Amino acid sequence: MLNMVQTICRAHGIGRYQLEVIQDNTAAVSLYKKQGFQVMRSLNCYMTERNERKPDGKQDESRQWQIVPSGALTPEQWECVKGFWDYAPSWQNSMDSVCAIEDSFACILAERSGKLIGYGMINKENGDIAQLAVKPEYRRLGAATDIMQHLQEQTGSPEIKMINVDERDETLNRFLKQSGFRVFAKQYEMEKEL
């Protein structure tokens with residue numbers, strides 16, 4: 001089956017085959033390696049129960065930003081937020097994937113003097129957070145916590161998940177753990193040039 005998919009991909013000018021596989025699925029990992037796939041990175045999948053605490057709506061005087069609900073990001077905002085990433089999102093959380101179904105997502109922005117300093121996106125139906133990032137100079141000041149709190153209000157899902165967080169992203173992994181998330185799965189992102 002893999003060979004058939006690769007043949008179809010080549011016929012359509014696709015030069016790279018990318019997939020994720022659960023790290024504990026050693027049989028699948030071994031099969032993909034035998035087929036020429038290489039592990040590109042390790043990804044953590046997080047989950048927590050939805051926090052029922054609602055934002056109080058008051059702006060903390062010590063905060064340097066305002067939380068703003070938003071529709072889809074504009075092309076200019078996308079260019080801006082790319083500078084907030086320590087590591088690019090996995091394919092299903094990428095800009096192209098999110099934009100393909102942008103009506104499924106709620107977006108929360110953190111702005112300071114009209115400038116974007118952080119953002120998050122959550123699937124309104126299933127509670128999956130696709131992206132969450134804060135400009136480096138505003139990290140560890142509470143912006144991500146504020147964004148996360150407001151994101152949770154955008155879904156009725158009892159669980160909040162953030163899948164495929166690059167294991168090397170120490171800042172985001174630490175934040176999620178400190179926010180009560182737990183790792184429920186670990187995956188490899190694997191690729192093969194066709």
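## A walk around the sheet

Start by selecting helix 5 (residues 143-152), which lies across strand 3, strand 4, strand 5 and strand 6 and runs at about 155 degrees to strand 6. Contact here means heavy atoms within 4.5 Å; axes are lines fitted to C-alpha atoms (for helices over the stretch in contact), with angles from 0 to 180 degrees between N-to-C directions. Helices (H or I, at least four residues) and strands (E, at least two) are DSSP runs, numbered from the N terminus.

You're looking at a predicted model: local features need pLDDT of at least 70, side-chain atom pairs count only at pLDDT 80 or more, and totals for chains, interfaces and linings use all residues. Residues are numbered from 1 along each chain as its sequence is written, and side-chain values use heavy atoms, leaving out hydrogens and water.

The open sheet has 4 of them, antiparallel, in the order 3-4-5-6; two strands pair if DSSP finds at least two bridges between them. Strand 3 (66-70) and strand 6 (129-134) sit at the edges with a single partner strand each, so one side of each has no neighbour in the sheet. From one strand to the next, the twist averages 20 degrees.

Zoom in on strand 5 (residues 115-123): 5 bridges join it to strand 6. Click G118 and you'll find its bridge partner, V134, in strand 6.

Now select helix 3 (residues 75-82), lying across strand 4 (105-112), strand 5 and strand 6, at about 100 degrees to strand 5.

Last stop: M4, in helix 1 (residues 2-11).
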